[in-house]
Amino acid sequence: MNELNYSFRLRSVRFTLVLIMISASSLKGQEINYQTKGGEEMLPIFYEAMKARQTFPLSWSQSTHNDFTLWKKEARKKVIESLLQPPPVVPFNDRIIAEEDRGSYIVRKVVLNITGDSRVLALMTLPKSPGPHPAVLLLHDHGAKFDIGKEKVIEPFDVLDEKLVSAREWVRRSYGGRFIGDELAKQGYVCLALDMLNWSDRGAGGYQTQQALAANFFNMGASFAGVIAWEDMRAAEFLSAHPDVDPKQIVAMGLSVGGYRTWQLSALSNHITAGVSVCWMATRKGLMVPGNNQTGGHSAYTMLHPGIPYYLDYPDMASIACPKPMMFCNGGKDRLFPVESIGEAHAKMKEVWKSQDAEECLVTKIYDAPHEFNLEMQEDAFRWLNKIFQEDR
């Protein structure tokens with residue numbers, strides 16, 4: 001009897017265990033049904049739904065304004081708000097600390113207070129011919145190349161050999177072997193170039209530091225991208241007040257993140273009268289795709305303004321510059337910017353300039369080129385600049 005009882009109990013235990021396993025399996029299936037994953041490829045799993053909800057209600061095409069000037073004022077105000085806390089403004093107190101004669105022009109090292117927080121070293125070219133001259137604010141690229149900044153666009157002097165070699169190699173790779181500031185100086189332009197925070201003489205740790213810098217700025221009520229924008233606006237102001245510069249002829253120019261800074265600054269600063277943006281224009285939705293550089297964090301923080309992606313697309317922000325003369329050069333083989341997205345952004349801007357009877361002031365070109373500012377692009381840009389400034393005179 002005891003043996004039968006034991007056998008029965010053993011079978012009961014086994015049956016109970018089977019029921020538990022079936023129940024657990026059923027619950028597991030239920031979890032799959034009601035719980036979604038957090039994300040894939042560094043994007044939230046629901047990113048497509050979020051993109052679909054982006055209508056950019058503050059864009060000119062969506063605006064209820066009939067007055068373009070009022071729209072610009074409102075859109076610019078929203079972008080300025082997104083830059084967060086502005087750094088303190090103090091006199092520039094600029095001082096020349098060195099210069100080098102390069103034939104038809106001079107290159108100077110100048111120190112100035114770009115804000116109340118930062119005194120910086122800049123490179124500046126000045127033609128020897130009588131002024132005032134047209135001027136170019138050169139906004140250097142990112143390139144994950146932090147040992148040089150201003151030295152990417154104006155050839156440095158009195159620096160360590162390592163920095164000079166690094167600058168020349170970078171220019172060979174990204175600028176057709178030519179320092180664009182020196183070339184513009186030969187053509188009669190004053191040029192100014194400063195380092196972004198975290199580059200060259202303002203180095204703060206390089207690539208891995210970007211996200212920490214961005215987080216720490218946010219924790220103090222500011223932003224990394226906002227500081228860059230505020231400083232670019234001050235640089236434009238400094239250039240416009242220089243005695244050798246014609247304040248009605250100041251252009252912003254840059255490659256990559258320098259191209260982003262170019263149209264951003266053209267939109268935000270009345271001191272900038274024209275812009276040449278190279279290899280940085282597309283739609284937000286076109287860049288928010290798996291594998292795109294923008295989705296990886298790090299470098300994206302140099303261009304990320306909180307809240308703005310709800311209100312304005314990239315071409316909407318750039319369109320605040322309308323009707324200024326603007327040139328956008330993009331590469332059809334640029335792996336960072338899908339060519340279809342570039343075309344959509346160009347088309348959106350063209351509609352804005354056309355709406356203001358200023359379509360001749362907007363030039364958009366897609367070159368058979370990768371992510372670079374090659375000699376063909378440069379020659380087109382320089383001819384265009386010479387043309388618009390000659391017409392202005």
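**Close-up views of a predicted model**

**View 1. Met-42, out in the open.** Met-42 counts as exposed, because its relative accessibility is 66% (exposed is over 50%, buried under 20%, partly exposed in between, with a 1.4 Å probe and protein chains only). Met-42 sits in the loop between strand S1 (39-40) and strand S2 (43-44); strands (E, at least two residues) and helices (H or I, at least four) are DSSP runs, numbered from the N terminus. Phi of Met-42 is positive, near 70°, though the residue is not a glycine. This is a predicted model, where local features need pLDDT of at least 70 and side-chain atom pairs pLDDT 80 or more, while totals for chains, interfaces and linings use all residues. Residues are numbered from 1 along each chain as its sequence is written, and side-chain values use heavy atoms, leaving out hydrogens and water.

**View 2. Ser-200, tucked away.** Ser-200 also has a positive phi, about 50°, without being a glycine. Look for Ser-200 in the loop between S7 and helix H6 (209-219). With 13% relative accessibility, Ser-200 counts as buried.

**View 3. Two cis peptide bonds.** Gly-131 and Pro-132 are joined by a cis peptide bond with omega about 0°, and Pro-132 lies in the loop between S5 and S6. Pro-323 belongs to the loop between helix H11 (314-318) and S10. Most peptide bonds are trans.

**View 4. H7 meets H8.** The axes of helix H7 (residues 224-240) and helix H8 (residues 257-268) come within 10 Å and cross at roughly 65° (axes are lines fitted to C-alpha atoms, for helices over the stretch in contact, and angles run from 0 to 180 degrees between N-to-C directions). That makes H7 roughly perpendicular to H8 (65 to 115 degrees). H7 brings Ile-228, Ala-229, Asp-232, Met-233 and Ala-236 to the contact, and H8 brings Arg-261, Gln-264, Leu-265 and Leu-268 (contact means heavy atoms within 4.5 Å).

**View 5. The nine-stranded sheet.** This open sheet runs in the order S3-S4-S5-S7-S6-S8-S9-S10-S11, with mixed pairing (strands pair if DSSP finds at least two bridges between them). Strand S3 (95-101) and strand S11 (362-367) are the edges, each with a single partner strand, so one side of each has no neighbour in the sheet. Strand S9 (residues 274-278) and strand S10 (residues 326-331) pair in the parallel sense over four bridges; Cys-329 in S10 is the bridge partner of Val-278. Helix H12 (residues 339-355) packs on the sheet, touching S10 and S11, and its direction makes about 170° with that of S11.

Key
Angles under 35 degrees count as roughly parallel, over 145 as roughly antiparallel, 65 to 115 as roughly perpendicular and the rest as oblique.
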